[in-house]
Amino acid sequence: MIGSGRISVATAADISRANTADTGDAAPAAIQALASLGAGGTQLQNQERDLHRWVPNEEATSEQMIPVLLPHEIFHAIAMAGSRQVKTATHKLVAEVISWSMKIALEGIGPAVGFRGEKLVGNRCSWAGKRLADGWHFAYFGFKADAKARKECHFFERSYQCNKICEECLAERSNKHGDPLMLFKNFFDGAAYWMTLLSHSDYVRSSTTPSPWLAMPGFHFKTAFRDPMHTIYLGTAKEMLEDINLRLIAMSLWSLQEALHILDHSGLIALKEDAEVGVCENTQFTVR
Ligand SMILES: [Zn+2]
């Protein structure tokens with residue numbers, strides 16, 4: 001009954017002890033043996049262990065590989081990688097694994113082996129070579145995160161934490177050694193940073209540490225989107241938007257359609273003369 005799971009070891013031992021209390025040595029040997037588990041019931045926590053010790057080990061057990069991170073190997077890896085490399089390696093690995101998986105989602109056929117070429121088991125094994133998701137294919141569209149995550153995940157060398165604040169151009173915040181012509185606060189057409197906008201290939205060629213998400217099929221550095229929640233809903237832009245030309249929003253951050261949508265939700269009014277009317281006519285949003 002224990003082997004089939006119909007009764008627990010503890011219950012079987014309790015019943016056996018009750019039996020031997022009643023019948024003494026007249027109880028069958030198997031009942032006496034069960035009653036003896038856990039030092040005859042005085043060490044209840046040892047009952048299961050004692051029972052397992054009766055099981056012949058030769059055939060009932062087998063060697064199992066259990067991955068273990070040994071301290072000396074972890075310390076060695078950290079020391080050799082340098083102070084920032086563990087984080088960097090983790091970001092790289094995450095990007096590689098997700099990119100590998102998204103490539104499969106795009107192709108729509110289950111892989112024969114895992115990310116590291118390992119043998120697959122269970123459901124994963126049964127999907128090998130078969131059409132996934134009833135024929136649907138899934139493609140990468142974009143990456144959205146807050147400013148810190150954008151910078152860390154993509155290894156951007158220019159970010160909100162630097163004097164050169166933008167990965168897409170060479171705009172600068174005000175600083176002692178900076179060039180006033182490159183000031184990011186200058187929104188006029190004549191601002192110098194407009195001349196430094198990078199294309200995707202410019203970005204790849206000029207980056208010392210290009211984004212590991214380049215492994216993703218369809219990745220473009222401008223698909224690392226900024227999150228409007230952090231700039232509009234929770235940020236200061238909600239207060240500032242009234243003074244900003246809508247055309248600027250449409251050009252630099254979002255499509256006009258998105259900008260109108262955001263303004264509408266922020267309780268702000270977009271003026272028709274600020275919008276590009278030709279584009280507006282194609283949107284379902286009302287320009288007031
Ligand atoms: Zn820029």
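**The contact of H1 with H4**

Tutor: Val-9, Ala-10 and Ala-13 in H1 meet Gln-47, Glu-48 and Leu-51 in H4. Contact here has a set meaning: the C-beta atoms of two residues, placed from the backbone, lie within 7 Å. The residues of this contact divide into four nonpolar, one polar and one charged. Ala, Val, Leu, Ile, Met, Phe, Trp, Tyr, Cys and Pro count as nonpolar, Asp, Glu, Lys and Arg as charged, and the others, Gly among them, as polar.

A word on the source. This is a predicted model, in which local features need pLDDT of at least 70, side-chain atom pairs count only at pLDDT 80 or more, and totals for chains, interfaces and linings use all residues. Residues are numbered from 1 along each chain as its sequence is written.

Now the geometry. Two packed helices are described by the angle between their axes and the distance between the axes. Helix H1 covers residues 9–23 and helix H4 residues 47–54; they pack at about 90°, with axes 9 Å apart. That makes H1 roughly perpendicular to H4, a label for angles of 65 to 115 degrees. The axes are lines fitted to C-alpha atoms, for helices over the stretch in contact, and angles run from 0 to 180 degrees between N-to-C directions.

Step back to the whole. The protein has 15 helices and two strands. These are DSSP runs numbered from the N terminus: helices are H or I with at least four residues, strands E with at least two. Of the 288 residues, 14% count as buried. Buried means 20 or more other C-beta atoms within 10 Å of a residue's own, exposed means 12 or fewer, and partly exposed lies in between, with C-beta atoms placed from the backbone.

Where do buried nonpolar residues gather? The largest nonpolar core has five residues: Cys-166, Cys-169, Ala-171, Met-182 and Tyr-193. Such a core is a set of buried Ala, Val, Leu, Ile, Met, Phe, Trp, Tyr and Cys residues joined through C-beta atoms within 7 Å. Leaving aside neighbours within four places in sequence, Met-182 is in contact with Leu-170, Ala-171, Glu-172, Ala-192 and Tyr-193.

Ala-39, in helix H3 (residues 37–41), has a positive phi near 50°. Ala-39 is exposed, with 11 other C-beta atoms within 10 Å. Asp-134 has a positive phi of about 55° although it is not a glycine. Asp-134 counts as exposed too, with 6 C-beta neighbours inside 10 Å.

Notes: Parallel < 35°, antiparallel > 145°, perpendicular 65-115°, else oblique.
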